[in-house]
Amino acid sequence: MTEILEQLSGRTVIVGSGLAGLMTALTLAPEPSVVITRAALGAETSSAWAQGGIAASVGADDSAALHLADTLAAGDGLCDPAIAADIIAEAPAAIAALEQAGVRFDRNAAGELSLGLEAAHSRRRIVHAEGDGSGAAIIAALIQAVMNTPAISVLEGFEARRILMDGEQVAGLLCATAKGAAILPTSRVVLATGGIGGIYDATTNPMGNFGQGIALAARAGAALADMEFVQFHPTALDSRRRPLALISEAVRGEGALLVNERGERFMARISGAELAPRDVVARAISAEIARGGRVFLDARDALGSRFAARFPVISALCGETGIDPAKDLIPVRPAVHYHMGGVATDANGRSSVPGLWVAGEAASTGLHGANRLASNSLLEAAVMGMRAARDISGMPASGTGTISAGSLPAPADASFVRPIVSRHLGVLRNAGALHGAIAALLPLAEGNGPAADPAIVALLIAVFASLRMESRGAHARTDFPLKLANANRRQMHLSQALEIARATPPYALARSA
């Protein structure tokens, strides 16, 4: 029996309770909204795990123009300059809005915002809270603000399984709950579901984040963009823990060095050294590991006994594995950290489907291009959550359409997909690996089993990657190591990706045999 929650009919429904989702709800207030979350409010969100903070050009020696230049450089030719400029210009307002919502950012003795430095930034512009506990501090404050806002209804233990359509217009959301299926009738859905790290074995994301928002939007007919660009954070703590613990770039910003098992500082010969863009550092570390070596972060001289005070969370994570960063080398390896691709949106978070907005990591706005600049992710989540809310508030209310829901789809299980993705869609790619991924993923994506939604997300990444015959930003191909003269973004619908996959060898050859 499917319950239709008529008492909440017509309200904007926000899927996800990370920074983008919570900012959307708070900005919409006093207009009523519903936040649905699979776990407890603010749990299982990458936002809460963010260590660095939010990039914002608020320093006396900084400007939006400098921040934009750094963003475009890291994006390797694929940023949308106008979108990037708009989001970056709104950074100071986003910081102010977060402070108004109760976030307490770290300040120096003079009362000014304390600013950190991260890779590929030309200025100290990372606004942080509680040292390296920025994400957790921000989310905790926003949760409190949401709980104090009567206009926001929170439904915990609700998992979105399908967007329901009335023709081409959003009409509702089909959810799984502890009691069975439930439908939220609404003509306005905001997806703020986070990233795709859960389809990989080595990731710093919550393992349950397999790209749910992308799968939901793709099935509803939304255009996807730049799906091939998966950012590997160069320095995850190399351990058996899953997900892997992150060793923030801010540690290198404070002077820590990367060395191999021979004690060689292998980044010294590369432009930017330890603070080169993430794709450059990740490939260099991967090359050391591929030759059978190991890589370590050495913070002993740069921070020494100050490490625990500056990075208490990282110090505790290292302590779990018996490592004292003040005295010991920290073993590191690349791990999936952020997805630059996602559901294609405009400057206000609107997707190509009427009634569907997407904010945060699940979206592809064009801010990040081929490679996200450090700490621009929380900036985008905050700004785009606010923008989506303002866009929705400016629209006339519309009634919900005709709702028809089939049976509740099986709960998603990414475990079938992880070995395929981890083997074929890693830091370094080639045609053989990409075609192998497509052949293995297509039957799963076309099925109705628990692997279907994660396989759709993975297949989209593989198809987009197979079409980009160059190396750019986070997408590196050993068979196409050079960059094309013209940089082009790509959009595609799921139906188009499935057609391409069916025509891709060896799958096409197997079908014709």
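## Contacts of I199

Leaving aside neighbours within four places in sequence, which residues is I199 in contact with? In this predicted model, the partners of I199 are N209, F210, V417, R418, V421, P454, V457, A458 and I461.

## Nonpolar cores

I199 also belongs to the largest nonpolar core, which has 69 residues. Together with I36, L356 and L460, I199 touches the most other members of that core. Helix α14, spanning residues 452-467, supplies the largest share of the core, with 11 residues. Apart from this core there is a second, separate one of 53 residues, whose members include L22, I138, L142 and V146. In soluble globular proteins, nonpolar side chains tend to be buried together.

## Strand β9 and its partners

β9 pairs with two strands, β8 and β10.

On the β8 side (residues 159-166), the pairing is antiparallel and runs over 7 bridges. Within it, I163 stands opposite L173 of β9. The two strands form a hairpin with 2 residues between them, and G167 in this hairpin takes a positive phi near 70°.

On the β10 side (residues 180-185), 6 bridges join the strands, again in the antiparallel sense. G172 has P185 in β10 as its bridge partner. This pair is likewise a hairpin, with 2 residues between β9 and β10.

Terms used. Residues numbered from 1 in each chain as written. Predicted model: local features only at pLDDT ≥ 70, side-chain atom pairs only at ≥ 80, totals over all residues. Heavy atoms only, no water. Core = buried A, V, L, I, M, F, W, Y, C linked by side-chain atoms within 4.5 Å. Buried < 20%, exposed > 50% of the residue type's maximum accessible area, 1.4 Å probe, protein only. Helix = DSSP H or I, 4+ residues; strand = E, 2+ residues; numbered from the N terminus. Contact = heavy atoms within 4.5 Å. Pairing = 2+ DSSP bridges.
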